Amino acid sequence: MSGFFKSSIGRKYAMALSAFFLMFFLLQHFAINILSVFSPNAFNEASHFMGTFWAVQYLLQPVLIFGVIYHFVMGFILEIKNRNARAVNYAKNNGSANSSWMSRNMIYSGLAILAFLVLHFIDFWLPEINTKYIQGDMSGLLGDGEGFRYYEELTHKFVNPIRVAAYVLAFVFLSLHLMHGFSSAFQSAGVTSMRKKKLQTFGKVYGIIIPLGFIFIALFHHFNH
């Protein structure tokens with residue numbers, strides 16, 4: 001089994017599995033964040049549950065961090081190997097005629113998303129870790145004790161137009177990344193070509209709707225703060 005995951009096919013299969021996990025997390029993350037638009041109380045309750053439930057904090061969160069790191073590191077490794085292979089193939093045929101611009105430049109959208117994740121971790125994850133595990137405050141309450149703090153913290157981050165612009169740009173890159181990566185992940189997992197067209201269509205819908213939803217959340221809170 002270890003030999004399989006060291007092979008080119010095995011690495012692509014493992015990359016696909018990490019992509020599936022991250023796409024599922026992205027959907028779950030969106031489902032919680034969209035609550036902030038319709039019901040601050042529901043968003044606070046859901047955020048507090050996810051932020052304090054032991055299985056999420058001590059099991060799923062480490063898996064998520066590992067999945068993010070693995071996906072990006074393996075993505076860069078595969079991209080470098082593909083670029084080296086394409087250097088030979090391009091001498092024989094026109095590579096741009098056989099593949100989309102996005103498929104040839106996934107590394108750039110990946111770098112943009114990675115930069116966004118660093119900003120996102122600084123904005124939300126690191127303060128949460130500091131509050132809960134360094135200060136020891138697991139209550140999730142505001143400083144005055146009047147209600148949960150999650151909605152206030154979220155909306156505060158979207159006051160600055162520069163930060164909002166960075167979020168919007170990052171989700172545009174995420175959309176481009178997903179529209180190619182969605183169908184590519186299923187193809188690497190061995191999905192038959194008969195279903196490829198349907199997956200490409202579904203992948204485009206997913207790759208547009210989810211990032212667009214996050215953009216809507218950021219703009220909604222920016223203009224309503």
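Contact here means heavy atoms within 4.5 Å. With that in hand, let's walk through this model, which is a predicted one.

**The overall picture**

Read from the N terminus, the elements go α-α-α-α-α-α-α-α-α-α. Of the 225 residues in the chain, 38% are buried. Take the contacts with a separation of 6 or more, and 74% of them come from residues 24 or more positions apart.

The UniProt record, an unreviewed entry, marks residues 55-78, 106-126, 164-182 and 203-223 as "transmembrane region". How do two of those spans look in the model? Residues 164-182 are 100% helix and 0% strand, with 26 Å between the end C-alpha atoms. Residues 203-223 are likewise 100% helix and 0% strand, and there the end C-alpha atoms sit 30 Å apart.

**Helix pairs**

| Pair | Angle | Distance between axes |
|---|---|---|
| α4 and α8 | about 105 degrees | 8 Å |
| α7 and α9 | about 135 degrees | 9 Å |
| α7 and α8 | about 145 degrees | 11 Å |

Start with α4 (residues 40-52) and α8 (residues 150-157), packed at about 105 degrees. Angles from 65 to 115 degrees count as roughly perpendicular, so α4 and α8 are roughly perpendicular to each other. On the α4 side the contact uses Pro40, Phe43, Asn44, Ser47 and His48, while α8 brings Tyr150, Tyr151 and Leu154. Sorted by class, the residues of this α4 and α8 contact come out as 5 nonpolar, 3 polar and no charged.

Next come α7 (residues 106-134) and α9 (residues 161-188), at about 135 degrees. How are these two helices set, given that angle? They are oblique to each other, and their crossing is left-handed. From α7, the residues in the contact are Met106, Ser109, Gly110, Ala112, Ile113, Phe116, Leu119, His120, Asp123 and Phe124; they meet Arg163, Ala166, Tyr167, Ala170, Phe171, Phe173, Leu174, His177, His180 and Gly181 in α9. This α7 and α9 contact splits into 12 nonpolar, 6 polar and 2 charged residues.

Then there's α7 with α8, at about 145 degrees and with axes 11 Å apart. Left-handed or right-handed? Here α7 passes α8 in a right-handed crossing. Asp123, Phe124 and Glu128 of α7 make the contact with Tyr150, Glu153, Leu154 and Lys157 of α8. By class, that gives 3 nonpolar, no polar and 4 charged residues.

A few residues turn up in two of these contacts. Asp123 and Phe124 are among the α7 residues that meet α9, and α7 also uses Asp123 and Phe124 in its contact with α8. On α8, Tyr150 and Leu154 take part in the contact with α4, and Tyr150 and Leu154 are also among the α8 residues that contact α7.

Phenylalanine 21 sits in helix α2 (residues 8-33). Buried means under 20% relative accessible area and exposed means over 50%, so phenylalanine 21, at 29%, counts as partly exposed. What does it touch, once neighbours within four places in sequence are set aside? Phenylalanine 21 contacts Val63 and Leu64. Phenylalanine 21 and valine 63 are 42 residues apart along the chain, and 9.6 Å separates their C-alpha atoms.

Leucine 142 belongs to the loop between α7 and α8. With a relative accessible area of 25%, leucine 142 is partly exposed. Skipping neighbours within four places in sequence, leucine 142 is in contact with Gly147, Phe148, Arg149 and Glu152. From leucine 142 to glutamate 152 is 10 residues in sequence and 8.5 Å in space, C-alpha to C-alpha.

Alanine 185 lies in helix α9. Buried or exposed? At 5% relative accessibility, alanine 185 counts as buried. Not counting residues up to four places away in sequence, alanine 185 touches Ala16, Ala19, Phe20 and Met23.

Terms used:
Residues are numbered from 1 along each chain as its sequence is written. This is a predicted model: local features need pLDDT of at least 70, side-chain atom pairs count only at pLDDT 80 or more; totals for chains, interfaces and linings use all residues. Side-chain values use heavy atoms; hydrogens and water are left out. Axes are lines fitted to C-alpha atoms, for helices over the stretch in contact, and angles run from 0 to 180 degrees between N-to-C directions. Helices (H or I, at least four residues) and strands (E, at least two) are DSSP runs, numbered from the N terminus. Angles under 35 degrees count as roughly parallel, over 145 as roughly antiparallel, 65 to 115 as roughly perpendicular and the rest as oblique. Ala, Val, Leu, Ile, Met, Phe, Trp, Tyr, Cys and Pro count as nonpolar, Asp, Glu, Lys and Arg as charged, and the others, Gly among them, as polar. UniProt positions are given in the numbering used here, feature names are shortened, and annotations may be inferred rather than shown by experiment. A crossing is left-handed if the near helix is turned anticlockwise from the far one by less than a right angle, and right-handed if clockwise. Buried means under 20% relative accessible area, exposed over 50%, partly exposed in between (1.4 Å probe, protein chains only).
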